[in-house]
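Dear colleague,

Please find below the structure that I am handing over to you. My notes on what was found in it follow directly after.

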Amino acid sequence: MAENTDTQQSAPRPEFRMQKMFIKDLSFENPNAPEVYVTPQKSEPKVELNLNLNHKKIDDDHYEVALQVYSKVSSKEDDKALFILEIEHAGIFLMKNIPAEHVEMVLGVDCPTLLFPFTRQIVSQVTVDGGFSPFLMEPVNFMALFQSAKAKREAEKGN
């Protein structure tokens, strides 16, 4: 029994944490200002939202994980753009002694889960600064997205 305990204690402990967060790219367009502020909206605007996740290895222990958000919000009546927002918000994550079989899940679930609330806050603040009500993106279940993407990849391999 003592042998097993010694082996567990000598194995390096996994380390995971966000070390830095930063905006790589940010664009806010208000193509129909100032008219958009004086024309009353009769209904809720139409929202187009795309979210992408990218990651790349920086060195043996560090990864960059980036959320890319594109949103176009337009009037339902005449399809005029109210605003167009694009952001690439990233973080540098320390991932040391993480078992290889868990790295993909940490990059696809844990990293974006830590990053997303900050991305959401930036998007909200930028829309307020652009003269609109806060644009609050719905919370994202990165685990469900990860599992769905993994199942899709496995299904494609099988065909």
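The crossing of helix 3 and helix 4 is right-handed (left-handed if the near helix is turned anticlockwise from the far one by less than a right angle, right-handed if clockwise). Helices are DSSP runs of H or I with at least four residues, and strands are runs of E with at least two, numbered from the N terminus.

This is a predicted model, in which local features need pLDDT of at least 70 and side-chain atom pairs count only at pLDDT 80 or more, while totals for chains, interfaces and linings use all residues. Residues are numbered from 1 along each chain as its sequence is written, and side-chain values use heavy atoms, without hydrogens and water.

Helix 3 and helix 4 pack at about 150°, with axes 9 Å apart (lines fitted to C-alpha atoms over the stretch in contact, with angles from 0 to 180 degrees between N-to-C directions). Helix 3 is therefore roughly antiparallel to helix 4 (over 145 degrees; under 35 is roughly parallel, 65 to 115 roughly perpendicular and the rest oblique). After helix 3 comes G131, with a positive phi near 95°.

Seven aromatic pairs were found in the whole structure (ring centres of Phe, Tyr or Trp, the latter by its six-membered ring, within 6.5 Å; planes under 30 degrees apart are stacked, over 60 edge-to-face, the rest tilted). One of them is the edge-to-face pair of F83 and F135, 5.9 Å between centres and 75° between planes. F83 lies in strand 4 and F135 in the loop between helix 3 and helix 4, so the pair ties together parts 52 residues apart in sequence. F28, Y37, F83, F132 and F135 form one aromatic cluster.
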